[in-house]
Amino acid sequence: MKTSLYLKIGLLMSLVLYLFDTILDKTLFYKDLTFMEVFITNIPAHEVYNRIIAIALIIIALLLIRLSDLKYQRVRKQKKDDIFADLNNTSVVELVGHQLKTSLSTIIGFSNLMDDRTVAQSTRKMYSEYVYTSSTNLLQLFNNLVDLNRLLNNRAIVLKETCSVHKMLEDVRDKYQADIARKKKQKLELRLTIPEAAGKITMISDCRKMQKIIEKLLENALNFTHEGVIEFGYTLEEDESIQYFVKDEGVGLSLEKLENAFNHYSSRKNSVDASFDLAALRVMVAKKYAELLGGKLWSKSRLGMGSTFFYSIPLGTVKVESQTEIIREGGVPDWTGKRLMVVEDVEPNYLLLNEMLKPTHAEVIWAKNGKEAVDFFNEHKNGIDLILMDIVMPEMDGFEAASQIRGISKSVPIVGQTAYSLEYDKNPDQLINFNGYITKPIWYHELINTITKYLN
């Protein structure tokens with residue numbers, strides 16, 4: 001289909017959604033108003049907000065699908081032997097469309113019900129969990145599609161940096177333990193296993209891609225395991241490689257089964273299992289990343305007994321330090337007396353970061369754009385301990401603001417925070433003025449751990 005047709009479909013879907021939401025609101029919540037008042041003349045502010053978000057998500061999703069289709073069609077002719085070549089554009093649209101409709105229906109429906117004050121607080125909290133879970137699923141879907149698109153077009157750049165293996169695994173554990181606790185999966189335990197005799201290993205590799213592989217394998221395990229133990233960690237092999245593993249007690253899906261689902265999705269149109277196909281997409285992206293880093297991914301499984309996925313990569317340049325005490329999860333650092341500047345043009349994003357940082361007792365300063373950040377830092381350069389810098393902002397973007405701040409101070413830590421995946425850009429030197437960066441959506445443990453690395 002042409003791009004214009006996608007846009008027409010998006011507009012039609014948006015109109016249908018708007019009409020349906022108006023009828024629903026008029027029937028359930030605003031019986032004293034006329035249809036036209038609920039439709040256009042006297043809409044409550046929160047209803048406008050919900051409708052705009054839903055319409056924007058529909059249009060953005062369709063445009064992303066179209067972009068994925070265009071780029072996939074170009075590379076398909078050149079990659080006949082590639083494992084991704086059998087995934088045709090029709091199956092991508094079907095897969096994404098099914099998950100998109102499912103997640104958006106949940107988000108929109110329960111968001112509306114959360115405004116009903118006749119519903120008990122405990123029930124509204126349950127609705128909130130449904131909205132959170134569906135939003136997370138939607139985010140994972142888009143992340144995997146973006147990763148797939150970059151892999152297909154050879155746009156994934158491998159960056160070499162120093163990686164602390166233990167620290168990376170602990171960050172992953174904290175992130176997903178918090179997610180398990182939020183979803184109240186009391187019967188599910190996440191366990192990190194590190195060899196007792198191993199020191200603290202530091203290796204040279206692309207840390208973010210290595211972490212992405214582990215996270216995708218864990219997400220796969222969490223998707224198919226509802227109780228029992230999910231164990232992950234690593235072993236050091238005799239061939240001078242490090243072998244990561246993720247072991248679950250779920251349904252027992254093997255890599256081969258997921259590959260078959262990925263390659264032959266179009267032949268199963270009449271029996272769509274969205275969770276199964278999304279898992280196939282997720283694991284295939286992890287497999288391609290493993291190969292990109294010079295490693296390999298495989299699995300062992302027994303149907304109904306669980307699966308173990310292995311990811312092996314040469315150690316390369318490796319440094320083994322003396323074993324240090326592992327920091328236990330759940331602790332909150334005390335940054336009393338520290339002053340952090342958050343540079344963010346979107347107020348809700350700033351408010352979220354501020355709430356995350358409140359337990360640390362740090363003082364948070366808000367700069368609404370890059371120019372305001374540079375001006376404030378120029379006046380209070382000795383009073384700022386760390387800067388959280390958004391990248392895309394009006395008046396002056398984060399790159400320029402970081403460059404000007406570096407002209408004032410070479411020592412202040414600057415951490416970028418953005419929804420844009422910077423590591424894939426063709427100009428890695430753009431990060432020269434940043435100590436590090438985190439991508440949105442920002443997870444609490446990732447934020448705290450990243451700041452801890454640079455905050456003295």
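Q: Which residue stands opposite Pro 314 in strand 7?
A: Ser 241 takes that place opposite Pro 314, where strands are DSSP runs of E with at least two residues, helices are runs of H or I with at least four, and both are numbered from the N terminus. This is a predicted model, in which local features need pLDDT of at least 70 and side-chain atom pairs count only at pLDDT 80 or more, while totals for chains, interfaces and linings use all residues. Residues are numbered from 1 along each chain as its sequence is written, and side-chain values use heavy atoms, with hydrogens and water left out.

Q: And how many bridges join strand 5 to strand 7?
A: Strand 5 (residues 241–247) and strand 7 (residues 306–314) are joined by 7 bridges and run antiparallel; two strands pair if DSSP finds at least two bridges between them.

Q: What is the strand order in the open sheet?
A: The open sheet has 5 strands in the order 2-4-5-7-6, and its pairing is mixed.

Q: Which strands stand at the edges?
A: Strand 2 (188–193) and strand 6 (296–302) do, and because each has a single partner strand, one side of each is left without a neighbour in the sheet. On average, neighbouring strands of this sheet are turned by 15° against each other, direction ignored.

Q: Switching to helices, at what angle do helix 10 and helix 13 pack?
A: Helix 10 (residues 347–357) and helix 13 (residues 444–454) pack at about 70°, with their axes 10 Å apart; axes are lines fitted to C-alpha atoms, for helices over the stretch in contact, and angles run from 0 to 180 degrees between N-to-C directions. The two helices are therefore roughly perpendicular, a word used for 65 to 115 degrees, with under 35 counted as roughly parallel, over 145 as roughly antiparallel and the rest as oblique.

Q: Which residues make the contact?
A: Leu 353, Met 356 and Leu 357 of helix 10 and Tyr 444, Leu 447, Ile 448 and Ile 451 of helix 13 make the contact, meaning heavy atoms within 4.5 Å. By class, this contact has 7 nonpolar, no polar and no charged residues (Ala, Val, Leu, Ile, Met, Phe, Trp, Tyr, Cys and Pro are nonpolar, Asp, Glu, Lys and Arg charged, and the others, Gly among them, polar).

Q: Is Glu 215 buried or exposed?
A: Glu 215, which is found in helix 7 (residues 207–224), is buried, with a relative accessible area of 12%; buried means under 20%, exposed over 50% and partly exposed in between, with a 1.4 Å probe and protein chains only.

Q: What does Glu 215 touch?
A: Leaving out residues up to four places away in sequence, Glu 215 touches Val 172, Lys 175 and Tyr 176.
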